[in-house]
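These entries record what I looked up in the structure shown below. I kept them in the sequence in which I worked.

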Amino acid sequence: MKETRIVCIFILFVVCNPHVDCTCCDDVKQLPDLPRRKPTEDGSNNVAFNDEFLSDNDESLSDYDDSLSESDESLSDNDVSLSDNDEFLRNNDEFLRKNGESLSDNDEFKRRNDEFLTDNDESLSDYDDSLSESDESLSDNDESLSDNDDLLRNNDEFLRNYDEFYKKNDESLSDNDEFKRSYDEFLSDNDEFLSDNDEFQRNNDEFQRHNDEFLSDVNLNYEWYSAVHNGWQYIMVDSSITLDYGHCSTYYPIYLKDTHPLIDTLSETPITVTACVLDHLYPCDLHYQVKIRKCGREIQYYLPPTKLYRAFCFKKQSQPSCPNNLHVALGHIGIAPELKFTEIPESGPFGNSINYIPYFYFRCIFNLQTGFFYKVNWYVNGVFLLTNGPSPNPDDLFFHQNVLHDNSIKMGFDIHCGVSALTPPGASVGGETDMMYSKSYYAGIKIPSTTIYIDKGSTAVLQMTSTMPIGCRYKEPPGDDCIENFQIFNYENEGFQCTAGVANVANPINQRCSNGLQTLKKGWTWNPNTVFDFSIVTTDMNYGDKRVFNLLLQFPDNMGHAIWRNYNFPLITVIVSDNGEYKNKICYSHIDPHMRSADGVNYEQQRKNAQLYPDVFMLYHNTIYGIEVQEQTKTCNNQHATCACGVAIRAGKDVFMINRCGSINYLGFTKCEDGGILQVIRINDYTYTVFTPIGTKITIRLFQNEYEGRYEGTMNIDITMAPKDLYNIEGLCGQFDNNPANDFRHRDGTVSAITDANRNSHFADFTESWSLTSDETKPLNLFLTGNRALNSWRDQNGMFCVCTSQKNVAKATCYPTQYLNCKMSRSITGTKCSVSSRRKRSAHGNSEDEIELNRLLRLMATERTSKMKMRVKRKDTSKNSITETATKTLCKEKISGSLAVREYSEVSANEDPNEVIKQCTFDVMVGNDTSWALAHVESINNIVKNVIERDPAYAEKNSEKVVKFYKNTCPGNCSNNGVCTDTSDCDCVEFFHGPECDIDERDPLIIDDIEGGGECDLADGDECLCFHVRSSNILEGFICQANISKITFNGERQFISTHTFSGGYEDIFTGVCCIQDKSIRTKGVFVTKYDFSISNNGITYGNNKTVYVFDSTCQDAKITSFFPFFHIKVRLFLLLQLAVPAFHCWKFYYNSFLLQTH
C-alpha cells in the first residue's frame, strides 16, 4: 500500500496533470503570494507597530497641546497679577487722599484749640459773665474731639489699605515668578516636542516600511486565478477559522462568509459566494462577490480588485490527486445514529450490580462489498474532522461521540460523511474511487416552529422530536424509570418575580419543569418519530403586561447521557396576543346588595323570602381551576333588605374568610393546607385585596362604624376578572363570555331572560338557584364547616414551573400559583396562613385548631345579641321621611357630581352612573338616611382605584391626574377627623385612628369572644398563657389587662394579682394576649382564673372575658355562663390502671391540698 502511494505522488508531480480534460484553463492567471496568504502568516507585528506609532504620535500631540495650554494659563495669571497691581495703586491713591483730608482736619482742630485757650484766658477775670460762652466753647471742643476721632479712624483705614497693598503686591510678584517658571517649562516642553517630532518622522518612515510589507489586492483585475502553488491546492479561508487584523499578511483579511463549498460538489460551472472584509464591530459590512469553479482537479477563483491593505486569505488544502481508475457501486450514502452502553460491574454490601453508561456513534451507510477497503471522511458543521480507514470492517469506520467531546462540539450540530473504495493492499493494480458524500444530518432536538402564539390567559403546547437516541444511565438492580426533564427559563426575566411571563404547567406527579422525556435502556427500541409535548401558560399581572418572551429550553447538568448535559434547544419566541376582552370587567356585590355581572348586567340580589337567615350564595366559580368566591348575607337597613356580611374565597385547599354575620368578627384562613396560595393584601383595616393563583382580584370593603348600625358589619365585594376567567366562570357573576343575555344562567344550566315581555326581571329565580343552603348544596358551603373535603391545587391544576439559570445551568422551581415566588408588599398571607406551634392533639383525639375553628364557625352562625355601644356614632341629620323626588335629586347630585364620574369615566369599568343613582335612591329611601349617598360615591371610587391599579401604563401616563384623584377620595372623607394624603390615606388628628379616622382610642373595647370559649385544658399540651381575643376596632399597640385568681381544692376563690402588658395585633378584629410570667400560675393551684380586658389607650377598658385553666387528666370540669364546676376524678380504680396518669394526679391532688392547708 505504501508503494502504491509513493508511485501516485510521483505521478502527481511528474506525470499527473490536474488540468486533464480541462477546457477552462487558458484564461487563468496565477494568484501571487499564495504562501503568504495563509492564516498562520501573521502580520500582526506590523499592525502592533503601526498602532504603537499612531498612539505615540497622538500622545506627543497631546503633550504639545498641554504645553500650549499651560503657557496660556501662565500668561493669563500674569495678566491677573498686573490687574491686581493696578488695583493696589488705585487703592493707595485713595488712601493718600483720605489721609490728606485727615491731616487738614487735624490742623483745624489745633487752630480751634488755640482760640479756645485765648478765649479762656480773657474770660478768667470775668468768669461769671462768660459761663454761656464757656458752654459754647465746650460744645466746640466736643466737636473737635469728634473730628479727631474721625481722623484716627481714617488713619487706621489707611494702615489697613497699606498692608493690603503690600500683600497684593507680594502676590503679584509671586504670580509673576510662577509665570516665568511656567514659561520656562513651556520652552522646555517645546524643545521636547521638537525632539519627539523628529522621533515621529523616524517612526513614520518605519511605519511606511511596515505598510509596504502588507499584502494588498488592489492590482487584481476581475479575472480567474489559479490557487495552486508547488503542486499544492490552496482554497479560500471561510468563517470556520478565527481571523484577526494582520493575519494572512494583510491588515484586513478577506474570507468567505459561509462554509467553503465541498470540493467534490464543484464543477466547471461557477458558483457565486460572498467574501467579507474582516471587521469585528460590523461583521461583513464590507464585502465582495467572488466566483469559484473546478477546472479538471484544480479549484480556481474569480477575484475583484480590493482597496489598500486588503487581501484574500487562502489555506493549503491538498495536492491534486491522480485520476481514479476504480469503479465500485457504493449506492446511496446516508447517516445512521446508534445507541450503545458501556457496562461496568460493581460490588457492594447489598450485592452485585451493573452500571449502564450510554453513548452513541454514527455509521456512514453505503453498499459495502467484499474484496475492497473503504475510507470514510467525517465532517461536522461543514468542517473536516477525521478520516477512518482504509478498512474492510465497518466497525472501524464509525464516528464515536467522544470525538465531539475532544473537539468541544456540543449537541445541535450537522454531520455528514464521504466514502471511497480502495483496492486491498498487495493488489497488482492499485486504485481508489471518487469520494461520494451523504446529505447533512442534524443531531439534536427539532422543533417544527420556534415561534409560538398564545392567547393571554390560555395554554399552548410546544411539540418537539429528537433526531438522536437519548440513553439512560442506570444501575440494575434496582433499575430506574429513566425520565429526564428539559427545563425552561426566560433569560430576559430571571425568576419572573412579580412580573408577567410564561411558565410550564407540570403534572401533579412530576413537579418539575416539564412533563418529562423518556430515555432509553439497553435493548429498548428508539422511535425517531416520538413527539414530546411541553405545555406553557401565561402568568398575568396587569393590563400592561409584556407581550413577547424569549424562552430557553435546556437539559439539566446532571443528565445521565453526558453528551446532552446543558444542551440548549433552539430559542423559542412566545408572542402573547391580548384582545383585551377581560379588561375593565368587574363583578360586584354592593351594599344591600346591588349586583353587577362580569358582563355588565345590573340586578338586585333580594330573596323571595328575605327572612331566611343566614343565606350563602356562589358568587363566583371558575370551573376550570376550581376557584370559588362565596357570599353570605344577613338582614340590614332596618330589616328592609339583605346585605353581604361574609365572603369565603377558596383555591385548592386554602380558604380565606372574612365573616361578620354572627356574634363574632372573623378574618383569616379557615383552611391553609396548600400553604397560602391566596395572596391576601391588607390595604388598610377596612379594605383587603385577595389575589387568586390565576390573578383574579377580589377587593373587600368593610363597613365598620357607619350609618347608626344600619349597615355596620356588612361589606362590598368587587371581583376584577383575570384573563383565565374568560369563558370559564359561573355563579352570580354570570357567564363572563361578553354576552350579557345569558348571564342569568341557573345552577342546572337553564337560563332566565334578564327581563320578559312585560319588562319583569327574573333575578330572584336566578339568585335563588345559586343558594348553598339546600340539602343538596350544603356540602359545598364553606361557612358551615371547616371539614369540607377539598382537592389540592397541584392535584387539580398542576404547578406553575420555571427554571432559574445560574451560569447557564437551569434549576427547576415550581409553585402552585402564577405569582411564583413574588413577595407582595403588605401581604398578610404569611402570618394568617400558619400552623399553630403551641397547640397539640386534644385529649379527645382531634386537633385543637380544628376544635377551635368549628367553635368559631358556630359563633359566626349565631346571630349577634345586642351589645352596649360605648362610642358616639355619626348621626343621621334627617328627622323626617325623605320624599322620592328629593332622594333622586340628592343621589343625582352626589353621583353625577362625583370626581370619578366627572373626570375618570375612562377607568370606571363602564359603570353606569344612572344605575348607581337608582341604587342610591333605593338605599336612601329604605333607610331614610341621606348619608348612604356617600357610600355609593365611595363604591365608584373603589372601582376607579381597582382599574388604575390594574393599568400601570395609565397611572404612569396620567400621574398628576391619578394623584389628584387619590388625594380627593379618602374613605369617609376621613370623618372630618383628618387630612387626605396623596395616597388616599387619612392622616388623623389626635385620639383618632383607622382608615377613616373614625376610631376613637378613648372608646372602650368590647371583647366578643376569647380563645377556647373561656376554658383551657392543660391536658391538651397547651401552656394556657396566650389567648386570642375578638372584638371590633382593635388598634396596633393595644393593651391587655389580666386579673388573675386561683380556685382552691375546696372551691374557694382568691385574687392573686393584676398584670398589664402589650397585646399582639393581628387585625382590626383579632389580637392576642400573652401572659409573660409563667410563675403566675402557682404550683399546685387547683384551677387558675384569668379575667381579660383590653384597651386602645391603656386607660379605658371594656368588659372582662374569663378563662379557666384546668387539667382534665385529673379533673372533671363543667363550665357554664353562670358558674363553673370543677372536681377531682373519683374513679381511682380506673386511674390505677394507668400508672403515669395516676402518679401525676395523686401528686397534683397532694400539692393542691397541701397548698390549701397552708
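**Entry 1: salt bridges.** I took a salt bridge to be a side-chain nitrogen of Lys or Arg within 4 Å of a carboxyl oxygen of Asp or Glu. I note at the outset that the model is a predicted one.

I looked up Glu 996 and found that it forms a salt bridge with Arg 701, with the closest N and O atoms 2.4 Å apart. Glu 996 is located in the loop between β47 (992–993) and β48 (999–1000), whereas Arg 701 belongs to strand β40 (residues 697–703), so this pair ties together parts that are 295 residues apart in sequence. I recorded both Glu 996 and Arg 701 as buried.

I then turned to Arg 745, whose salt-bridge partner is Glu 730; their closest N and O atoms are 3.6 Å apart. Since Arg 745 sits in the loop between β42 (729–730) and α5 (763–769) and Glu 730 in strand β42, the pair ties together parts that are 15 residues apart in sequence. Arg 745 is partly exposed, at a relative accessible area of 24%. Glu 730 has a relative accessible area of 16% and is buried, because buried means under 20%.

I also noted a network: Lys 456, Asp 540, Asp 545 and Lys 724 are joined by salt bridges that share partners.

How many salt bridges does the structure hold? I found 34 salt bridges.

One of them links Asp 578 to Arg 547, with 3.9 Å between the closest N and O atoms. Asp 578 is in the loop between β29 (572–577) and β30 (586–590), and Arg 547 in the loop between β27 (532–539) and β28 (548–554), so the pair connects parts that are 31 residues apart in sequence. Asp 578 counts as buried at 15% relative accessibility, while Arg 547, at 39%, is partly exposed.

**Entry 2: strands β20 and β29.** I followed the side chains along strand β20 (residues 451–455) and saw that they alternate. β20 and β29 run parallel and are joined by 5 bridges. I looked up Thr 451 and found that its bridge partner in β29 is Thr 573.

**Entry 3: an open sheet.** I traced 7 strands that form an open sheet of mixed pairing, in the order β1-β2-β8-β7-β6-β5-β9. β1 (29–30) and β9 (310–312) are at the edges with a single partner strand each, so one side of each has no neighbour in the sheet. Within the sheet, β7 (residues 287–295) and β8 (residues 298–303) pair in the antiparallel sense over 5 bridges. For Ile 292, the bridge partner in β8 is Tyr 301.

**Entry 4: helix α8.** I checked the length of helix α8 (residues 848–860): at 1.5 Å a residue its 13 residues should span 18 Å, and its end C-alpha atoms are 18 Å apart, which agrees. Its buried residues are Glu 848, Glu 852, Leu 853, Arg 855, Leu 856, Leu 857 and Met 860. I found that their cover includes β36 (654–659), β37 (666–672), β49 (1009–1010) and β51.

**Entry 5: Asp 1022.** I located Asp 1022 in the loop between β50 (1015–1017) and β51 (1026–1030). Asp 1022 is buried, with a relative accessible area of 7%. A polar atom of the Asp 1022 side chain lies 2.9 Å from the backbone nitrogen of Cys 1024.

Key: Residues numbered from 1 in each chain as written. Predicted model: local features only at pLDDT ≥ 70, side-chain atom pairs only at ≥ 80, totals over all residues. Heavy atoms only, no water. Pairing = 2+ DSSP bridges. Helix = DSSP H or I, 4+ residues; strand = E, 2+ residues; numbered from the N terminus. Buried < 20%, exposed > 50% of the residue type's maximum accessible area, 1.4 Å probe, protein only. Polar contact = N/O pair within 3.5 Å; in protein donor to acceptor, adjacent residues only side chain to side chain. Expected span 1.5 Å × (residues − 1). Contact = heavy atoms within 4.5 Å.
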